[in-house]
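Reader: Please take a close look at the aromatic rings. Then show me what packs in the rest of the chain, and where there is space.

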Amino acid sequence: EVYREAGAKVTFVGHPLLDIVKPAWDKETAYRQFAADPERPVVLLMPGSRKQEVDQLLDIMLSAAEKIRRVMPDCQFFLPAATTISREMLQNKLDKYALSVQITVGNTYDLMQIANLAIAASGTATLETALMKVPTIVVYKTSPITYFIGRQLIKIPYVSLPNIIAGRQIVPELLQEEANAARVADEALRILSDWDIYSQTIEDLTAMRQTLGSGGAVRRTAELVLEVAAEQPGGKE
């Protein structure tokens, strides 16, 4: 709409993640490959792909996970590792907590399809979990000055991609001071323990996915480029 209002000729082709975010295994295989119990909740901890994000957020997530475990002792926690973060760094963080967390590498969409909840740093991962219909708690922390400047420049009310696309809050956002273990744990337990909230979130994520169109964005983009090129002088040659 912004481009159209500016007078540009625009064609909506869809979102490429719709073609990318797909599990390779069925659920039964995923449970088996990740040694997960299908009778117990699966919670993903996703602190981001940059070292600074992991430093800022993983301790919060792990402390929240401890609080969740005290109330829901059956919870299983998984940490899908980004290729940019060393396993040693993650393990050093995990060793400080009396908590069982399985670090996984690869097949993240297969892991997402068996997840009941994700706690994720704001970024592309939140859209990936949304497309996989995983209720997600979005967390983010940065320096106060950076946050202040960002809030002056960005006028939209949300920071996470699912909420921006939906045009309303469908997943909770915990930013800055609110991104603390107690708040994260409270939101997680609220979602996991209330079927009405959980099912409504799934419904909202499903509707959000539909606003992105259908798959095939890459193919449609290529076709559009060829159509435009054919319209140019000498294009058909």
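Author: Start with tryptophan 25, which is partly exposed at 26% relative accessibility. Phenylalanine 34 is buried, at 6% relative accessible area. The cut-offs are these: buried is under 20% relative accessible area, exposed is over 50%, and partly exposed lies in between, with a 1.4 Å probe and protein chains only.

A word on the source. This is a predicted model, in which local features need pLDDT of at least 70 and side-chain atom pairs count only at pLDDT 80 or more, while totals for chains, interfaces and linings use all residues. Numbering runs from 1 along each chain as its sequence is written, and side-chain values use heavy atoms, with hydrogens and water left out.

Now the pairs. The whole structure holds 3 aromatic pairs; rings of Phe, Tyr and Trp (its six-membered ring) pair if their centres lie within 6.5 Å, with planes under 30 degrees apart called stacked, over 60 edge-to-face and the rest tilted. Tryptophan 25 and phenylalanine 34 make a tilted pair, 5.7 Å between centres and 55 degrees between planes. Tryptophan 195 and tyrosine 198 are stacked, because their ring centres are 5.8 Å apart and their planes stand at 20 degrees. Ring pairs also join Trp25, Phe34 and Phe78 into a cluster.

Tryptophan 195 is exposed, at 62%. Tyrosine 198 is buried, at 14%. Both sit in helix α11 (residues 195-211), 3 residues apart, about one turn of the helix. Helices here are DSSP runs (H or I, at least four residues), strands are E runs of at least two, and both are numbered from the N terminus. The chain has 12 helices and 6 strands.

Next, the nonpolar packing. The largest nonpolar core has 39 residues, and Leu45, Phe77, Ile119 and Val139 have the most contacts inside it. Among the elements that each supply at least two of its residues are β1 (42-46), α4 (51-71), β2 and β4. Helix α4 gives the most, 9 residues. A second, separate core of 29 residues includes Leu18, Ala30, Phe34 and Val171. A core here is a set of buried Ala, Val, Leu, Ile, Met, Phe, Trp, Tyr and Cys residues joined through side-chain atoms within 4.5 Å.

Glutamate 53 also lies in α4. Glutamate 53 is buried, at 7%. Leaving out residues up to four places away in sequence, Glutamate 53 touches Pro47, Gly48, Leu58, Ser122 and Tyr140. A contact means heavy atoms within 4.5 Å.

Last, the space. Rolling a probe the size of a water molecule over the atoms shows where empty space is left. The largest pocket holds about 440 Å³. A pocket is an open set of points, on a 1 Å grid over the protein atoms alone, where a 1.4 Å probe fits, with protein on both sides within 12 Å along at least five of seven lines; lining residues have an atom within 4 Å of a point. There are 23 lining residues, and Met46, Gly48, Ser49, Ala82 and Ala125 lie nearest the centre of the largest pocket. Helix α7 supplies the largest share of the lining, 3 residues.

Note on methods
Grid points are joined across faces, edges and corners, and a volume is the space filled by probe spheres set on the points.
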